[in-house]
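The exercises below are to be worked with the sequence and the model at hand. Each task is followed by a solution in steps.

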Amino acid sequence: MSLFSCKKQACVFLLVCVVSSVFVECSRYTKDVSHSCIGEFCVAKSAFDEPCMDYRKVTKNIERDIDNEEEEDHDFIDYPKEGLFRWDPVEIGHKRELELEADKFYSMITRAMEPPIFEIPGFLSDEECDGIIDRTRKQGLFNSDVHVDPDAREQEKKIKRLIGHADSPAGNFLVWDDNRDGVISKDELKSFAAESKFLYMSDEEVDEMIEKMELTEFDDGIVTIEEFKTLRTAAMEKYFLEMKKTHPKHRDRYSQQTWLPQRGNYDKLLRQIRQRVANLTKLPMSIIKGGEHLQVVHYNINGHYHAHYDSQSNVQFPQYKCCHQNLDKLPECRLCRYITILYYLNQPEIGGETAFVAADVDDFNETEFRKREKGDHYNLSKFCHQATLVIPPKRGTAIMWYNHHLSASGWLGDLDWKTLHGGCDILKGEKWLANNWLTAPNEGEKHIRSNYYIKELEELHDDSVY
Ligand code: OGA
Ligand code: FE2
């Protein structure tokens, strides 16, 4: 055993001892996050769903490890002094050939400068894509952030019973009558929903609404000023809001997902991918192992994910700890995902592009953008192809970008607001994708290890977990 690795293992021991003495009872790990909103911003809420575990057991296991020369090197203190590595994008179209495995070369092509976005075709083999999909199918998928309201039927009945005009602009005929021809057409109903509620209805959905709500004023397809007097605009407005809230097609995210742990020594396929990721990102193993589980996402027809950020701003939320370091189980934490690597596991027949709506936009201002004065460009069902960078999904391709700037000292800096992105509608076929999120610390929190990494160390020595 070399002196170097011996020292590292001693550190493993020390650190786990500290962790175990501070958290004497037990702690849980973040597996998934939901979001709570404060004003217009959302903060991740940890969802702890793994069983409580005892850190004293970890200490014992690590002790055992120190005696064992065969054990792998845990790279516990491998942070480089100069901070986090970051590829220079050079210029759009710039192509590098990277040897990510012995004698295996991969092209990495710059797709955007701000944020730096790279495409790596064939990063995953067909076998790897299928392997991830198989594992996901075995494990099962659940709806991505879909809230099922058990009172939906009750709500529907209530809306049906609601009579009278809305107090809002919806109670005003002229607000509906876009072309000022004295009648409201079904198309005008559609434009009203789109412009005032950012709800994009199909013709079938408009007909369904008229029928369900018994809006007899629309019997001949139009509503005159006379008929408008009895039109239940308060109820119509409620219907729009309810539809946006509950109908999956109109939600911000319409997909299913699951999480696959990449850690430990039990899954060769996922471990090999992770090693390739380490070579691609040139980040130390402790950062790689401190990354989140692989999030596998499945979209059916109409599936999408409107424009969003994968990470959160430390300038905006300085009071919160990074979720991956949230050992003391604080109810709120902030996502600190330095890098996103997104893998396309299949190729949808039509649609399903990944759109970056602010990439390389000069002077992009998210606060202005949020006002939606030029239309709701967060809505990728409608504005997919207006985005500045649109990447069609191709099986095996990886897309990598940096969600954060670097701080002056080279550690996690503020969120890069130009990383706003999402997944466009699947128009034909289905889409399988995986998100590989690599977390990183702020300068002041370098000494706090990622929950995911600690968990890995612990499981490495506890075969009963598998
Ligand atoms: C995501 C995401 C993009 C896509 O899942 O966070 O941004 O192309 N997906 O589906
Ligand atoms: Fe995303």
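This is a predicted model: local features need pLDDT of at least 70, side-chain atom pairs count only at pLDDT 80 or more; totals for chains, interfaces and linings use all residues.

**Exercise 1. Describe the phi and the exposure of V90, and the peptide bond from E114 to P115.**

Step 1. V90 is placed in the loop between helix 2 (55-66) and strand 3 (95-101).
Step 2. Its phi is near 65°, a positive value in a residue other than glycine, and V90 is partly exposed at 38% relative accessible area.
Step 3. The peptide bond from E114 to P115 is cis, with omega near -5°. P115 belongs to the loop between strand 4 (104-112) and strand 5 (117-120).

**Exercise 2. Which residues coordinate the iron ion (ligand 2), and how are they spaced in sequence?**

Step 1. The iron ion (ligand 2) is coordinated by H308 through NE2, D310 through OD and H421 through NE2, at 2.1 to 2.2 Å. Donors are N, O and S atoms within 2.8 Å of the metal (3.2 Å for Na, K and Ca); water is not among the atoms, so sites may look incomplete.
Step 2. The spacing of the donor residues in sequence is H-x1-D-x110-H.
Step 3. D310 lies in the loop between strand 12 (304-308) and strand 13 (332-333), and H421 in strand 21 (residues 421-423), so the pair ties together parts that are 111 residues apart in sequence.
Step 4. D310 is buried, at 3% relative accessible area, and H421 is buried with a relative accessibility of 3%.

**Exercise 3. Characterise the largest cavity by its volume and its lining.**

Step 1. The structure holds five cavities of 30 Å³ or more. On a 1 Å grid over the protein atoms alone, a cavity is a set of points where a 1.4 Å probe fits but cannot get out; lining residues have an atom within 4 Å of a point. Grid points are joined across faces, edges and corners, and a volume is the space filled by probe spheres set on the points.
Step 2. The volume of the largest cavity is about 130 Å³. Of its 16 lining residues, Y299, Y305, H308, L342 and N435 are the closest to the centre.
Step 3. At least two lining residues come from each of strand 11, strand 12, strand 21 and strand 23; strand 23 gives the most, with four residues.
Step 4. By class, the lining has six nonpolar, seven polar and three charged residues. Ala, Val, Leu, Ile, Met, Phe, Trp, Tyr, Cys and Pro count as nonpolar, Asp, Glu, Lys and Arg as charged, and the others, Gly among them, as polar.

**Exercise 4. Which residues of helix 3 are buried, and what covers them?**

Step 1. In helix 3, the buried residues are E128, C129, G131, I132, I133 and T136.
Step 2. Their cover includes strand 10 (256-260), helix 10 (268-281), strand 11 (294-299), strand 14 (337-344) and strand 23 (431-439).
Step 3. Just after helix 3, G140 takes a positive phi of about 95°.

**Exercise 5. Where is A234 placed, and with which residues is it in contact?**

Step 1. A234 is part of helix 9 (residues 233-246) and is buried, at 16% relative accessibility.
Step 2. Leaving aside neighbours within four places in sequence, A234 is in contact (heavy atoms within 4.5 Å) with L162, G164, H165 and A166.
Step 3. The C-alpha atoms of A234 and G164 are separated by 6.2 Å, with the two residues 70 residues apart along the chain.

Key: Residues are numbered from 1 along each chain as its sequence is written. Chains are lettered from A and ligands numbered from 1 in the order in which they are written. Side-chain values use heavy atoms; hydrogens and water are left out. Buried means under 20% relative accessible area, exposed over 50%, partly exposed in between (1.4 Å probe, protein chains only). On a 1 Å grid over the protein atoms alone, a cavity is a set of points where a 1.4 Å probe fits but cannot get out, and a pocket is an open set with protein on both sides within 12 Å along at least five of seven lines; lining residues have an atom within 4 Å of a point.
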